[in-house]
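This report describes how parts of one protein model are arranged.

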Amino acid sequence: MNDFLSELQNSFQSQMLPDHDELLALTDEAITVLESEDAAYRPRSEGADGQVAGGLLDFTAQPVLPLIVVPDLHARCDFFMHLLTTPLVRLGLGDGLDSATGDAKDATVLSALFQKKIRVVCVGDLFHSETRGKARWLTAWDAYARGDYENADMTSEMQENLTLFQLVLRVKNAFPAAFHFLKGNHENILNEGGRGNYPFRKFADEGNMVYDFMASHYGDAVLHVMSLWEHALPLCAAFPACVVSHAEPRAAYTRQEIIDAEKNPAVVLGLTWTANDEAAAGSVRKTLQELLGGARAQNAVWLSGHRPVRDRYALRQNGALVQIHNPAVEQVAVVHPARAFHAETDIILLVSEAGS
């Protein structure tokens, strides 16, 4: 475990853009991991070229483990590293989860991943620093408008984005059944319109700026494999006590519709782009019933990110949906295996404020 943590820390502290060949190989490995996930928890979808990994992660019939749900990351490398090194006791998960040394008080999220005693699901949105980097985006835009795609501010932004990208991929590749990253609306490296994506811009022209930087610095091969990785990501994860997606589900979806989402861009959009007050009434409860069934659906919650909240969480759909993305803090939702989720006690700060 220590060697793997040191590898992650070296990437985190490098302050350099990753090497072209290393980035290409790492992304290619991650695609293979996603495409070969166990059908016992990631049901297959019939594609044009045969069966492919579907859009649903279904852990409802798997052994019940503690679950950590991580909101939108948006290039926050420090948030991700804090997550991995957070003691389990801080998350209320110390009992029965021992560290590699056998000392429960020293057990961390990473050591629990090594022991296959925990699951982690990130709701997506790896790229774009957004509000945290607003001033940098605006300065980078001035240079970009003059044709300088690799200006200093854009390079700084992309160092954060690509460092986090490497960290997420390394952890997924190491723990394919325990660590999961869902597609968000910012997983669109080509800034394409279609296939469930919309081009993105907020303070400047972020989608095109990232695309042009990547094309200039890395070329088409890296762009291509990163796009393949994005489209291989799952969209939704079901557990006995909760369901997780990037955004509030726009409509009620069947289990098969989520599995086959890559064939239907409306389902991809509906699980990644839905704004507040855009979802159909009852979409959450109906989809919970479809995915969980019976009494479990009545007691379960849907956890999502996407739209920022001012405090620790916001409730929608008569309390059935809990939004947990506050970009000003580093917090996670912890779903305990033996009891219902309670937003007041189970959304936990890792540190008081987000770092970078």
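## Two packed helices

Helix 3 (residues 77–85) and helix 6 (residues 152–174) have axes that come within 9 Å and cross at roughly 25°. Axes are lines fitted to C-alpha atoms, for helices over the stretch in contact, and angles run from 0 to 180 degrees between N-to-C directions. Helices (H or I, at least four residues) and strands (E, at least two) are DSSP runs, numbered from the N terminus. Helix 3 and helix 6 are therefore roughly parallel to each other (angles under 35 degrees count as such).

In helix 3, C77, F80, M81 and L84 meet E160, T163, L164, L167, V168 and V171 of helix 6, where contact means heavy atoms within 4.5 Å. By class, this contact of helix 3 with helix 6 has 8 nonpolar, 1 polar and 1 charged residues. Ala, Val, Leu, Ile, Met, Phe, Trp, Tyr, Cys and Pro count as nonpolar, Asp, Glu, Lys and Arg as charged, and the others, Gly among them, as polar.

## Basis of the model

This is a predicted model, in which local features need pLDDT of at least 70 and side-chain atom pairs count only at pLDDT 80 or more, while totals for chains, interfaces and linings use all residues. Residues are numbered from 1 along each chain as its sequence is written, and side-chain values use heavy atoms, with hydrogens and water left out.

An open sheet with mixed pairing has 5 strands in the order 6-5-4-12-13; two strands pair if DSSP finds at least two bridges between them. Strand 6 (179–181) and strand 13 (347–351) stand at the edges with a single partner strand each, so one side of each is left without a neighbour in the sheet. From one strand to the next, the twist averages 25°.

Strand 12 (residues 330–335) and strand 13 run antiparallel and are joined by 4 bridges. A333 stands opposite I347 in strand 13.

Strand 3 pairs with strand 7 (residues 236–239) in the parallel sense over 3 bridges, and L56 stands opposite C236 in strand 7.

## The largest pocket

The lining of the largest pocket has 28 residues, of which V52, A53, H231, A232 and E262 lie nearest its centre. On a 1 Å grid over the protein atoms alone, a pocket is an open set of points where a 1.4 Å probe fits, with protein on both sides within 12 Å along at least five of seven lines; lining residues have an atom within 4 Å of a point. Helix 8 gives the most to this lining, with 5 residues. By class, the lining has 12 nonpolar, 7 polar and 9 charged residues.

Notes. Angles under 35 degrees count as roughly parallel, over 145 as roughly antiparallel, 65 to 115 as roughly perpendicular and the rest as oblique.
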